[in-house]
Amino acid sequence: MCNILCTSIFPPYIIKPTKEAGNHREYTTPRLKKAADQYWLDEDQGITNRDYRLPSRARARVIARSIKWLFFLGFTIIICKFAENTTKTVKHNFDMAINGIFRDEIELKQLDKFFAMEMGRQIHRYIKARGSMSMLEKIEQRVETLSIPERERAMAKYIDLNRKVIANLDWRMLIARSMANYCDSYNYFVKMVADEETMNFYVKRMMEKYVRFHEVFEENGKYGIKDSDGTILVHARYDFLRTPFVYVDDLVSMPVIAEKEGKMGLVLPDGHDTVVLQFDYDDISLRDEDPWFELTKDGETILWNGLDELRV
């Protein structure tokens with residue numbers, strides 16, 4: 001098939017068939033037949049220095065036709081592939097609609113709500129294993145006052161500073177639980193969980209909401225912090241930065257340990273570089289329990305927890 005296609009698209013420029021093959025060959029153009037007849041005539045007369053190639057204009061026309069057919073063939077393949085993918089998508093959406101599985105605004109809002117509850121339970125278990133009952137009560141009281149989008153942002157911020165919360169998280173299990181709360185029948189729940197595209201859609205959606213890690217960046221030899229969207233939280237004005245990766249009791253913003261002109265201080269990642277603790281200390285280290293910070297100045301060390309001043 002490949003040989004036939006190539007022969008039809010690219011006819012040979014030099015006509016030198018054998019006599020046996022030539023007797024049975026059907027030439028597609030009179031010009032090719034004339035060239036072949038001339039070849040046999042010259043062979044009988046012993047002429048060997050004749051050029052049997054097609055004239056330059058004829059070759060140009062052949063090349064132009066070949067390019068045209070190749071373009072047409074490629075365009076046809078692209079159209080067929082697009083039609084095939086479109087058909088698959090339409091068929092899948094139709095099957096989902098027939099089975100009652102179709103994402104709409106109500107479903108999205110409800111799944112977001114139930115998943116926020118599940119993620120809240122995940123954080124609850126994380127703090128319970130490492131904190132105290134008072135911590136659990138404070139964080140739950142604060143979360144109850146937030147809308148769903150606000151909860152998502154607050155928990156994403158908490159996860160950013162406590163990444164072990166989702167270290168071994170089974171996202172599909174949390175989504176399946178959310179779907180169970182949303183569905184009004186077992187059969188609908190089974191269909192929804194079994195639909196791979198729906199599950200992948202919600203896994204991607206929830207990870208984009210909750211996995212929003214900040215990053216430290218460098219600019220002109222100084223360091224700053226950006227959030228996952230690229231918004232500057234701490235400007236690049238410091239020689240050293242350390243973000244406290246600890247759990248906090250009520251989603252309060254933890255200050256960042258920073259060094260400036262050889263002295264240590266604390267600033268908030270609020271985009272305004274709000275100074276919580278002046279740059280007067282020789283060293284500031286982070287503790288794994290309250291009070292969170294250990295301050296050293298002139299050889300004297302004290303413990304500090306000024307988070308009460310940050311709570312609203």
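Predicted model: local features only at pLDDT ≥ 70, side-chain atom pairs only at ≥ 80, totals over all residues.
**Entry 1: the whole chain**

I then looked up burial, and of the 312 residues in the protein chain 34% count as buried. For the secondary structure I noted 10 helices and 10 strands in the protein chain. Turning to contacts between residues at least 6 apart in sequence, I found that 48% of them join residues at least 24 apart.

In what order do the 3 strands of the open sheet lie? I read the order as 1-2-3, with antiparallel pairing. Strand 1 and strand 3 are the edge strands, since each of them pairs on one side only. As a reminder to myself, strands of a sheet pair through backbone hydrogen bonds, either parallel or antiparallel.

**Entry 2: strand 1 with strand 2**

I followed strand 1, residues 215-219, to strand 2, residues 222-226, and counted 5 bridges joining the two antiparallel strands. At one place in this pairing Glu219 stands opposite Lys222 of strand 2. The hairpin of these two strands has 2 residues between the strands, and there I noted that Asn220 takes a positive phi near 55°.

**Entry 3: strand 2 with strand 3**

Next I went on to strand 3, residues 232-238, which pairs with strand 2 in the antiparallel sense over 3 bridges. Which residue of strand 3 is the bridge partner of Ile225? I found that Val234 takes that place, and I noted as well that Tyr223 stands opposite Tyr238 in strand 3. The hairpin of strand 2 and strand 3 has 5 residues between the strands, and in this hairpin Gly230 takes a positive phi near 90°.

**Entry 4: helix 7**

Last, I looked at helix 7, which covers residues 148-161 and has 14 residues. From its first C-alpha to its last, helix 7 reaches 20 Å, close to the 20 Å expected at 1.5 Å a residue. Which residues of helix 7 are buried? My list has Arg151, Glu152, Ala154, Met155, Ala156, Tyr158, Ile159, Asp160 and Leu161, where buried means under 20% relative accessible area.

Technical notes
Residues numbered from 1 in each chain as written. Heavy atoms only, no water. Pairing = 2+ DSSP bridges. Helix = DSSP H or I, 4+ residues; strand = E, 2+ residues; numbered from the N terminus. Expected span 1.5 Å × (residues − 1). Buried < 20%, exposed > 50% of the residue type's maximum accessible area, 1.4 Å probe, protein only. Contact = heavy atoms within 4.5 Å.
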